[in-house]
Amino acid sequence: MAEVNKRELFEDMPIAKSLATMAIPTIISQLINLIYNMVDAFFIGRTGNSYMMAATTLTLTLTMMSVAFSNLFGVGGGSLIARLLGAGREEDTKTVSAYAGWGAVGLALLYALSMGLFLNPILRFLGASDATIGYARQYTILVIVIGAIPTILSLTLAHILRNTGNATQASMGLSGGGVLNMILDPLFMFVILPRGYEVIGAALATLISNILACAYLLHAFHKTSLSLRPRDAMKISEANRKSLFVVGVPSAILTGLFDVANICVNMLSAAHSDLVLAGMGIVMKVERVPNAVNVGLCQGMLPIVAYNYAAGNKERMQKTIDTARLWGLSVSFVSIILFEIFARPLTHVFLSTKSQEAAITTLAYAALFLRIRCIASPMQFINYSSSFSMQAIGDGKSTMLHAVVRELVFYIPFMFILDRLFGEVGLASALVAGEGCGAIFAMYLLKKSVAKARG
């Protein structure tokens, strides 16, 4: 994107148009990326095997950990680059982008090695039973152990491209991988590999798609003024390195704690039965649709807020935050209406009953859980929006505090307490209680953070 267009996008364009320009490609990317993550579950669900479904639910937490690691350098580096552009320090963006890219590669390699060495005990800790651990191993070895570097690097590059105004290129990379996965999934699962190997087929499709998406994003990255040269990474200043981690670490911890919460959900669900686990896993996929829209909206908002914060245009910064909040809450309330009305058919998409009693029971749990958990959607968006806004203005301390309190003080304790008191229904209700308390705390922190930013 030419400098004049970038300046117009961040500084002069009407806020609604600017936000739409940045957010729409990102939302599309989030949705397609979500679809290709859910395609595995959809096609595995066609087998009617609840144990395969439960196994893929367990691996979701490991996939989310990849997202957390990408946020360390992607969100940390991307938000810093947006602030550097707003301050007119374009030359520093090369050293930051190179450092973020190579940092992501190193972290991905460490994650892959750790998972390869301790795979069995980790899966058992997550709640894998004798009936599910074999399927979970198959998926994890291909997607996480072998595929960690292309997965984490592609997400990191997409964050950085988005924050420099190249949201379309970032979207095309992730979306292209998603479309390819949708094509490859049924091919590997039902044509190339024999019956019983559906999980391996899904994992192979995901691995190949992630590798090709990463290749495209590397190509797009080299067409910008940014850098991935190792020598540029070595030149990053101590101040910029610190600024990257001030935002990146809380962002990674936020996603990591979200993953920890999902681990707790899986463990408590598995303690009831594999069918409760499978039902909860279906719900956690369905409810990610409005979440993906709202996260994409927040990701589109972040560079605009960061740029205008650094440029000193605090009025435009605040209006961008307010506009994004209005749009996100609208999406959340519409999703509640749709999920309450269509809970049963939406969950049925992910599992074929084929007259199996286990599958019918799984879907009954899923519909019940969805109707309860969807009520949390507006509060979840307030948490997302507040966190992204604080990251944009470089307030890592408040972002970290919010992440810790939201998950460790509110959501996870509610999970154990309500599960103990009310069983599976209480476990599903914990999301509403936890996100509600977290949202109140988030609005308090954001108000203080914005007031400080205004000086």
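Because the model is predicted, local features are reported only at pLDDT of at least 70 and side-chain atom pairs only at pLDDT 80 or more, whereas totals for chains, interfaces and linings use all residues. Residues are numbered from 1 along each chain as its sequence is written, and side-chain values use heavy atoms, with hydrogens and water left out.

The chain has a mean pLDDT of 87, and 94% of its residues reach 70 or more; pLDDT is the predictor's confidence in each residue, from 0 to 100. Where pLDDT is low, the predicted coordinates should not be read in detail.

The chain contains 18 helices and 0 strands, both taken as DSSP runs numbered from the N terminus (helices H or I, at least four residues; strands E, at least two). The radius of gyration is 21 Å, close to the 23 Å that the globule rule gives for 455 residues, so the chain is as compact as a globular protein of that length. This radius is taken over C-alpha atoms, and the globule rule is 2.2 Å times the number of residues to the power 0.38. The C-alpha trace spans about 65 × 45 × 35 Å along its principal axes. Of the 455 residues, 61% count as buried (under 20% relative accessible area, with exposed over 50% and partly exposed in between; 1.4 Å probe, protein chains only). Among contacts (heavy atoms within 4.5 Å) between residues at least 6 apart in sequence, 83% join residues at least 24 apart.

The largest nonpolar core holds 127 residues, of which Phe73, Leu123 and Met415 touch the most other members. Such a core is a set of buried Ala, Val, Leu, Ile, Met, Phe, Trp, Tyr and Cys residues joined through side-chain atoms within 4.5 Å. Helix H3 (residues 50–86) supplies the largest share of this core, 14 residues. Beyond four places in sequence, the contacts of Leu123 are Leu62, Ala128, Ile133, Ala136, Arg137 and Thr140.

Ser79 is also found in helix H3 and is buried at 0% relative accessibility. Outside its sequence neighbours up to four places away, Ser79 touches Gly74, Asn163, Val247, Leu302, Ala306 and Gln391. Gly248, in helix H11 (residues 238–272), likewise counts as buried at 0%. With residues up to four places away not counted, Gly248 touches Asn71, Leu72 and Gly76.

Two buried residues lie in loops. Thr132 is located between helix H5 (119–126) and helix H6 (133–146) and has a relative accessible area of 0%. Its contacts, apart from residues up to four places away in sequence, are Tyr51, Ala54, Ala55, Leu58 and Asp274. Gly147 occupies the loop between H6 and helix H7 (148–163), with a relative accessible area of 1%. Leaving aside neighbours within four places, Gly147 is in contact with Leu142 and Leu207.

Helix H8 (residues 167–192) has 26 residues and should span 38 Å at 1.5 Å a residue, which agrees with the 36 Å between its end C-alpha atoms; the expected span is 1.5 Å times one less than the number of residues. H8 bends by about 30 degrees at Leu184, and Pro186 follows within four residues. The bend is the angle between axes fitted to the seven residues ending at a residue and the seven starting there.
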